[in-house]
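Please look over the sequence and the model before reading on. The paragraphs below walk through a selection of local features, one region at a time.

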Amino acid sequence: MDFFEYASIYSTIASMFGASVVAWVQFLIGGLCFAIVFIFQAIALFVIASREGYKNKWMAFVPFLNTYYIGVCAQKNKFYNIDTKKIGIAAAVLEAALFSLYVLYFVACAKVIDYETFTVRETVTGAKYREYYLENVPVELNWAAWMYNYMDRYILSTLSIIYLLLEVSLLICFFQTYASRRYVIFTLASVLFPIQGILFFVVRNNRGVNYRDFVRGEQARQYRMYQQYQQTVNQNPYNRNPYDGPSGYKDPYDGRSGDTGVKPEDPFGDLGGSGNGGGSPFDDFND
């Protein structure tokens with residue numbers, strides 16, 4: 001489905017610069033961009049399958065089948081206990097159906113383009129816009145007129161939403177397998193921009209892992225780092241009171257001497273003062 005995204009992007013950019021959009025040029029540029037990104041993705045899937053030992057690597061180079069093969073390469077993880085290969089099959093079938101319907105839709109639009117007209121309408125804010133519709137369509141082109149009016153608005157839009165959900169499920173499992181630390185960013189980038197194949201190529205050399213095992217390993221690693229930090233803190237000689245260490249050393253001036261409970265002699269006792277233990281020489285002076 002990236003083919004139509006590239007064609008749409010070209011049409012939007014050309015319109016912004018006031019250039020006329022020719023249908024065959026639009027699809028040609030869309031096709032070239034799609035081919036480049038598709039080759040990157042195919043090579044990435046082939047490299048991953050070769051390293052992981054998956055069979056039928058040739059599917060990586062076949063349109064629609066390579067969507068299924070994403071599920072094959074992501075099978076070390078599941079999406080809510082659903083096998084990714086089953087999701088890949090559903091996504092591949094729906095992608096092929098959407099592509100066929102889009103082609104049929106554009107053919108129908110080309111058939112009735114000569115009968116297209118428009119009327120200028122105004123919104124509640126005063127902004128004007130064109131509303132396109134068909135007029136005087138021949139009876140033999142009623143099928144094309146029906147597709148022009150309803151195919152994109154109802155059928156294609158609904159199927160595109162379903163396909164998007166399947167694609168997101170596949171991409172989450174794939175990037176959890178080969179880009180565990182950044183799977184959210186890679187998945188969002190692949191959905192928002194048609195660069196999925198390039199991101200696949202970036203992670204092609206990463207070994208696949210089960211995401212739950214990866215999370216448990218990260219938790220164990222962080223716990224070991226925490227334990228090492230605690231040991232380092234406890235062994236730091238500047239992180240504790242030197243008079244309260246494991247050797248049992250006591251302050252000689254805290255009123256005790258070792259374990260005898262005898263108060264040590266005041267080293268300033270010879271200078272005078274009250275009491276047997278000496279004291280300040282100014283203690284005996286009265287006002």
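Rings of Phe, Tyr and Trp (for Trp, its six-membered ring) are said to pair if their centres lie within 6.5 Å, and a pair counts as stacked when the planes are under 30 degrees apart, as edge-to-face when they are over 60 degrees apart, and as tilted for the rest. This is a predicted model, in which local features need pLDDT of at least 70 and side-chain atom pairs count only at pLDDT 80 or more, while totals for chains, interfaces and linings use all residues. Residues are numbered from 1 along each chain as its sequence is written, and side-chain values use heavy atoms, with hydrogens and water left out.

A search of the whole structure for such ring pairs finds 17 of them. One is formed by Phe46 and Phe61, whose ring centres are 5.7 Å apart and whose planes stand at 55 degrees, so this pair is tilted. The pair links distant parts of the chain, since Phe46 belongs to helix H2 (residues 23-52) and Phe61, 15 residues away, to the loop between H2 and helix H3 (65-73); helices here are DSSP runs of H or I with at least four residues, strands are runs of E with at least two, and both are numbered from the N terminus. How open are these rings to the surroundings? A residue is called buried under 20% relative accessible area, exposed over 50%, and partly exposed in between, using a 1.4 Å probe and protein chains only. Phe46, with a relative accessible area of 33%, is partly exposed, and Phe61 also counts as partly exposed, at 43%.

Another aromatic pair, Phe79 with Tyr80, is edge-to-face, with 4.9 Å from centre to centre and 85 degrees between the planes. Phe79 is partly exposed at 22%, whereas Tyr80 counts as exposed at 71% relative accessibility. Elsewhere, ring pairs link Phe174, Phe175, Tyr178, Phe186 and Phe200 into a cluster.

Ser169 touches Phe79 and Ile87 when residues up to four places away in sequence are not counted, contact meaning heavy atoms within 4.5 Å. At 9% relative accessibility Ser169 counts as buried, and its side chain reaches the backbone oxygen of Leu165 at 2.9 Å.

Thr67, which lies in H3, is buried, with a relative accessible area of 8%. Its side chain makes a polar contact with the side chain of Glu95 at 2.5 Å; a polar contact is a pair of N or O atoms within 3.5 Å, and within protein one must be able to donate a hydrogen and the other to accept it, with residues adjacent in sequence counting only if both atoms are side-chain atoms. Leaving aside neighbours within four places in sequence, Thr67 is in contact with Gly88, Ala91, Ala92, Glu95 and Leu170. Tyr68, also found in helix H3, touches Met59, Lys85, Gly88, Ile89 and Ala92 under the rule that leaves out residues up to four places away. The C-alpha atoms of Tyr68 and Ala90 are separated by 8.0 Å, although the two residues are 22 apart along the chain.

In the loop between H2 and H3 lies Phe64, which has a positive phi of about 75 degrees although it is not a glycine, and which is partly exposed at 28%.

The strands come next. Strand E3 (residues 116-122) and strand E4 (residues 128-134) pair in the antiparallel sense over seven bridges, where pairing requires that DSSP finds at least two bridges between two strands. Lys128 in E4 is the bridge partner of Glu122, and in the hairpin, which has five residues between the strands, Gly126 takes a positive phi near 95 degrees. Asn136, found in the loop between E4 and H5, has a positive phi of about 60 degrees although it is not a glycine, and at 65% relative accessibility it counts as exposed.

The walk ends at helix H8 (residues 211-235), which has 25 residues and reaches 36 Å from its first C-alpha to its last, close to the 36 Å expected at 1.5 Å a residue; that expected span is 1.5 Å times one less than the number of residues. At the start of H8, a side-chain oxygen of Asn210 reaches to within 2.9 Å of the backbone nitrogen of Arg212.
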